[in-house]
Amino acid sequence: MTLRPATGFWIALLSAATFGVSGPFAKSLLEIGWSPGAAVGLRIGGAAVVLLIPVLIALRGRWSTMRGNALTVTIYGTTAIALCQLFYFNAVQRMSVGVSLLLEYLAPVLIVGFLWLRSRKAPNLLTIIGSVTAILGLLLVLDLAGDARLDPVGVLFGLGAAVCLVVFFLMSAKVDESLPPLVMAGGGMVVGALTILVLGLVNIMPFRFVFADVSLAGRTYSWIVPVAVLVLVATVAAYVTGILAAQRLGSKVASFVALTEVMFAVLAAWLILGELPGVVQLLGGLLIVAGVVCVRLDEVRSANDDDAVSPAALGGSNPVEPVPRA
């Protein structure tokens, strides 16, 4: 994968922002009586329907590529899309949202550890500093000193969501370049929607829909508004840009930039639900940015070192990191 840091970084920020708005809009549905299974099912199922026609167009003449990546798309849709949301919502049911989100966003640290074990080479000091700084920032942004409480089963679900998020970044970074990101996302949505449907039918993730008005930014809107935002913005746009970002930045850097989703979620909650972030949360946001910058600088410095010593770099090909290939 060729390193394209400028566009990749901005695409990663866009992905984090679109993912970040999912919480407030989903919360507006949950507050009127929707079950988590209903919100997740309609979110993924709606995205699968929206992406169906574009995916079919993108696949013209490429069906052999799709068949060759069928296992990758299946694992991606089941794990990175469906199970990730299932584990997260189950964690939220047993613990505060802050604790659940913190556990899920241990994913970047898990990726650093995974790449460390795989390559048997310790990360550079700057990456370690960035990792610790970003996690400290998350602690401040989530303000866990408030109503945080731990539940053993909830912790396991939160860690399960983190592992699934690791799968999302690793698979997004190593996807076959002949398979368009739109097809990867669309195929994953179809698989994810079928997975959620099965989980709903066996009552593991029950469906409960309430078709009433919701409150957003102090005004009343139809339930269709948050559903449309969840499908089009927080799912279709978020996953497609997330794949693009991981392809350009690599799984490690893309996962750290994704930590900014917490800041975007806090900002969205303030604008949409009136939940104003405090000074401590704003300080945490700055620490997250600082951590991302440290990891990014370390990645660029490592890439430049590779350029200086690798003959392959003369041909313009510069591997971002040792991401496992299928």
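The legends below describe close-up views of a predicted model.

Local features are given where pLDDT is at least 70 and side-chain atom pairs where pLDDT is 80 or more, while totals for chains, interfaces and linings use all residues. Residues are numbered from 1 along each chain as its sequence is written, and side-chain values use heavy atoms, with hydrogens and water left out.

**View 1**
Helix H11 covers residues 224-249; helices (H or I, at least four residues) and strands (E, at least two) are DSSP runs numbered from the N terminus. At 1.5 Å a residue, its 26 residues should span 38 Å, and the end C-alpha atoms lie 35 Å apart, which agrees. The expected span is 1.5 Å times one less than the number of residues. H11 has a kink of about 30°, centred on Ala 238, where the bend is the angle between axes fitted to the seven residues ending at a residue and the seven starting there. Of the 26 residues in H11, 19 are buried (buried is under 20% relative accessible area, exposed over 50%, partly exposed in between; 1.4 Å probe, protein chains only).

**View 1**
Gln 247 belongs to helix H11. With a relative accessible area of 7%, Gln 247 is buried.

**View 2. Aromatic rings around Phe 168.**
The structure holds 13 aromatic pairs (rings of Phe, Tyr and Trp, the last by its six-membered ring, with centres within 6.5 Å; planes under 30 degrees apart are stacked, over 60 edge-to-face, the rest tilted). Phe 19 and Phe 168 form an edge-to-face pair, 6.3 Å centre to centre with 85° between the planes. This pair joins helix H1 (residues 5-20), which holds Phe 19, to helix H9 (residues 152-174), which holds Phe 168; the two residues are 149 apart in the chain. Phe 19 counts as buried at 12% relative accessibility, and Phe 168 counts as buried at 4%. The rings of Phe 168 and Phe 169 are also paired: their centres are 5.1 Å apart and their planes at 70°, so this pair is edge-to-face. Phe 169 is buried, as is Phe 168. Ring pairs connect Phe 19, Tyr 76, Phe 168, Phe 169 and Tyr 239 into a cluster.

**View 3. A nonpolar surface patch.**
The patch has about 1000 Å² of accessible area in total, and its members include Leu 42, Val 190, Leu 194, Ile 204 and Phe 211. Areas come from the Shrake-Rupley method with a 1.4 Å probe, and for residues only the protein chains shown count as cover. Patch residues have over 30% relative accessible area and no salt bridge; like charges are joined within 9 Å, and nonpolar side chains (Val, Leu, Ile, Met, Phe, Trp, Tyr) within 5 Å. A salt bridge is a side-chain nitrogen of Lys or Arg within 4 Å of a carboxyl oxygen of Asp or Glu. Helix H10 (residues 181-201) supplies the largest share of the patch, five residues. Leu 194 lies in H10 and is exposed, with a relative accessible area of 51%.

Asn 203, a residue other than glycine, has a positive phi near 65°. Asn 203 sits in the loop between H10 and strand S1 (214-216) and is exposed, at 54% relative accessible area. Ala 217, in the loop between S1 and strand S2 (219-221), has a positive phi near 55°. Ala 217 is partly exposed, with a relative accessible area of 48%.
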